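Hi,

Here is the structure I promised to pass on. Please have a look, then read my notes below.

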Amino acid sequence: MTFIKTTEQDSNYNHLEKMSIAESLKNINTEDKSVPLAVEKALPQIEKLVEQIVYKLQSGGRLFYLGAGTSGRLGILDASECPPTFGVSHNLVIGIIAGGDIAIRKAVEFAEDSTNLGWEDLQEYKVTENDVVVGIAASGTTPYVIAALEACNTNNIITGCVTCNKNSPLSKTAQFPIEAIVGPEFVTGSSRMKAGTAQKLILNMITTTTMIQLGHVKGNKMVDMQLSNNKLVERGIKMIMQEINVSNKEAENLLKKHKSVRAAIQNFKDGNK
C-alpha cells in the first residue's frame, strides 16, 4: 500500500496572512470539527490496544508512551495526569520524550532522528515483556519511535502506536496501530493542530478507559483521586455526601480521617466511622 503523508499535504486554505482574525478562527474551527470523526473511525483499533493494556496492567505491568516533539509532550501530559486523577503510582503510566525532560519545554535538535536513544530510554526503566509501549508520532515516520518499537517487538514487548497518516512505517511496526487520518493541517504541516488534537483525544480514551477497567472509577466519580488542593477536597466531600447521604461536616470528617474518597465511603459502609 502507498504511504502518503496527508498531514504534510497543502492546507485547504491559502493566503492565511490575508484573513481577518474572525476568518482565521472560523476556518481553524471548521478544520477542528473533522478531528472527532477521524478518531471515531479508529475506535476498533483503539479498543484492541486498550484490551492489551488492561490485561498487562492487571498483571502488574506498565504503560509507556514514547514520542518526540509535540507527540512526546502529549504522552507526558497524559501520563502525568493519571496519578492525581486516578490515584495510581507515577510508575504505572510513563511518558518519555526524545531528548529528555529538557525537550518538554525546548526542542532538542535531531533527537527524534536517533535510532538508538528510544530503546536506551526505555531500558532506563527496565522495560520488560510485562509492559506495553505505545509510540506516538503524527507523521508515523519518526526514527526515534520506530526503532524503539522494533526493539520492543524483538524483546516480546507489546507495541502500539498513535499516528495520523495511513500505512506509515510506524503503523507497520506496531502490533496494535491506531490511525486517526485527520488530513491537511490549517497551516501546512503544523501537526500540533489537528493531529495533536486527535492524539490528545485518543490518549485520553486509552488511559481513562483503562483506569475504569482497573477499578479506579465508581459510578462516574474519581474515587481514588489525590486530594492535592482545596478544590479537589471539596469535590471529594461532595462525592461522599452523595454516595452515603451524610452531612457536609460528616463527609469532611470522614475524608480527613480516611484520606481518600474510596476509603471514607467503604469504612462508613463497614461501620468504621
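The model is predicted: local features need pLDDT of at least 70, side-chain atom pairs count only at pLDDT 80 or more, and totals for chains, interfaces and linings use all residues. Numbering starts from 1 along each chain as its sequence is written, and side-chain values use heavy atoms, without hydrogens and water.

**Strand β4**

Helices (H or I, at least four residues) and strands (E, at least two) are DSSP runs, numbered from the N terminus. Six of the six residues of β4 are buried (under 20% relative accessible area, 1.4 Å probe, protein chains only; exposed is over 50%, partly exposed in between). Ile158, Gly160 and Val162 lie on one side, with Thr159, Cys161 and Thr163 on the other.

β4 runs parallel to β3 (residues 132-136), joined by five bridges; pairing takes at least two DSSP bridges. Glycine 135 stands opposite cysteine 161. β5 (residues 176-179) also pairs with β4 in the parallel sense, over four bridges. There, threonine 163 faces glutamate 179.

Threonine 159 has 0% relative accessibility, so it counts as buried. A polar atom of its side chain lies 3.0 Å from the backbone nitrogen of glutamine 175.

**Helix α1**

Ser24, Asn27 and Glu31 are its buried residues. They pack against α2 (35-41) and α8 (194-213), by contact of heavy atoms within 4.5 Å. On the other side, Ile21, Ala22, Leu25 and Lys26 are exposed.

Best wishes

Key
A polar contact is a pair of N or O atoms within 3.5 Å; within protein, one must be able to donate a hydrogen and the other to accept it, and residues adjacent in sequence count only if both atoms are side-chain atoms.
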